[in-house]
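Q: I am new to this structure and would like a close look at a single part of it. Could you walk me through the surroundings of the ligand?

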Amino acid sequence: FLEPHKSPEAKENKYLGGLLASGFEEQSCLSRQQFTSYRKPSSHSPSAYLLQRLRKYEQLHQKCGPNSDLYDRTVDQLKPDHVSFVTAECRYVVWISYSGLGNRMLSLTSAFLYALLTNRVLLVDRGADMTDLFCEPFPGTSWLLPLDFPLSQFKNFDINSPESYGNMLKNKVITNTAGGGASRSSPPSFVYLHLGHDYSDYDKLFFCEDDQNLLETIPWLMLRSDNYFVPSLFLIPTYQDELHQLFPKKDTVFHHLGRYLLHPTNPVWGLITRYYQSYLSKADERVGIQIRVFETESGPFQHVLDQVIGCAHKQKILPEVSQQKAIITTPHNRSKAILLTSLSSGYLEILRNMFWVHPATSGEIISFHQPSHEEHQQTGKQMHNMKAWAEMYLLSLTDVLVTSAWSTFGYVAQGLGGLKPWILVKSENRTVPEPPCLPAMSMEPCFHAPPFYDCKAKRGTDTGELVPHVRHCEDISWGLKLV
Ligand code: GDP
């Protein structure tokens, strides 16, 4: 912990090298100002072009955001009695709140990149708790979808909704003529984009260039996803040049956009800073271990514990303990604070005891800390998700990170922290995999449910083999990630 804004890096990093806009009232979102005291400066600079596009986006959002005349005018097109369609000056992506918090943060960031690429304004459905969790990211306006938004049925949209792009194609309510353009007299004023993990082949056509041309004409896109769909945006020819300019280093998309968009509110920032100062700040090194087990029982499981210890020893993340030798540490020995996150409290108990009863052979002072053990995922509960957000953020402040395969919770931590984690390989039949963990190729999240379709040839293809910077993930063989 550094004194706020005392170090030269902290000053220089105050706006993340220009990534963050100035012009916010400081007290309204302390994390946006104070994070420099907790985070090391990023070793990845955003491109000048990204900064320029973000400033341009902020202007667009101010022009078209809630409470603007243009917003009122475009929203009128959604009302049942709206007069005939006029070309909209402002177009929108409405992100619908859905799924666990890590998933939401990834789909929201993907939706923002999509808005940036298509010159749309991103509006956020506040769901049960979005306002408790995140500060407003754009100065002088709001990203929250106004409560009187006329399309109230959007909360029930799902794979079967006739309003979805996929179902409209399937039912020929809309047809995509080559070269774009809807073949009905006027394009609909809104379309629901169902991009959840269970989406259909028709929904997946979203990722084709011609379909993007068609969607361009529609003022309101209602988007619901639990996935980080950014890697597949990199495969749409229309956006490739722009993406290359925005992100000359392709493995920094979530790192930059996540840090730009996702700032904890003051109550969550309190959870983060109090914990950090009490348990982590004084250690010479901080290690994050994220244990996420996708089982119906909450654990602890012996094979998971063995896997964590196996990985930590093999990669020299934790020292061995000595069963025989009496190794006496002095207060001057090097200290390591381990931040453990898990729904179960069992792992902490066992690890802490192991390093209490036996000395570390390295002589290091090892301490274990786990902020919460919520036992079950409780999507939609306020304090539960505030703690989850605080824990993802705390993990992102560590020096070395171990994450669990398949977990978006871990992806958020690694991306915000700019860390390439060790990934605990998904276990089969409750056995310890060999090797227990693998190094991540990049800090980017994995897109768990990408399409495998060649839009031009109109047949299946392995989308992980098309360009060098979109590869299959380490933890999910069919997933895609930027490297
Ligand atoms: P994923 O399921 O691991 O991909 O991550 P998500 O964040 O989307 O959903 C898991 C949800 O379970 C989180 O949002 C939390 O609500 C809860 N959860 C899972 N692991 C932890 C943990 O280590 N700490 C806390 N506080 N909550 C957790």
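Which residues around the ligand come nearest?

A: Happy to take you there! Please keep in mind that this is a predicted model. Of the 20 residues around the ligand, the nearest are Gly100, Leu101, Gly102, Ser407 and Thr408.

Now let's see which helices take part. Helix H5 (101–118), helix H16 (382–396) and helix H17 (408–417) each contribute at least two residues to the shell around the ligand. H16 has the largest share of that shell, with five residues.

What kinds of residues are these? The shell around the ligand holds 12 polar residues, along with four nonpolar and four charged ones.

Next comes the place of the ligand in the protein. Both domain 1 (42–261) and domain 2 (266–482) give residues to the shell, so the ligand lies between them.

The C-alpha trace spans about 85 × 50 × 40 Å along its principal axes. Of the 483 residues in the protein, 44% are buried. Finally, among contacts with a separation of 6 or more, 75% are between residues 24 or more positions apart.

Definitions and conventions:
Residues numbered from 1 in each chain as written. Predicted model: local features only at pLDDT ≥ 70, side-chain atom pairs only at ≥ 80, totals over all residues. Buried ≥ 20, exposed ≤ 12 C-beta atoms within 10 Å, placed from the backbone. Contact = placed C-beta atoms within 7 Å. Near = placed C-beta within 6 Å. Helix = DSSP H or I, 4+ residues; strand = E, 2+ residues; numbered from the N terminus. Nonpolar A, V, L, I, M, F, W, Y, C, P; charged D, E, K, R; others polar. Domains from an automatic or database assignment.
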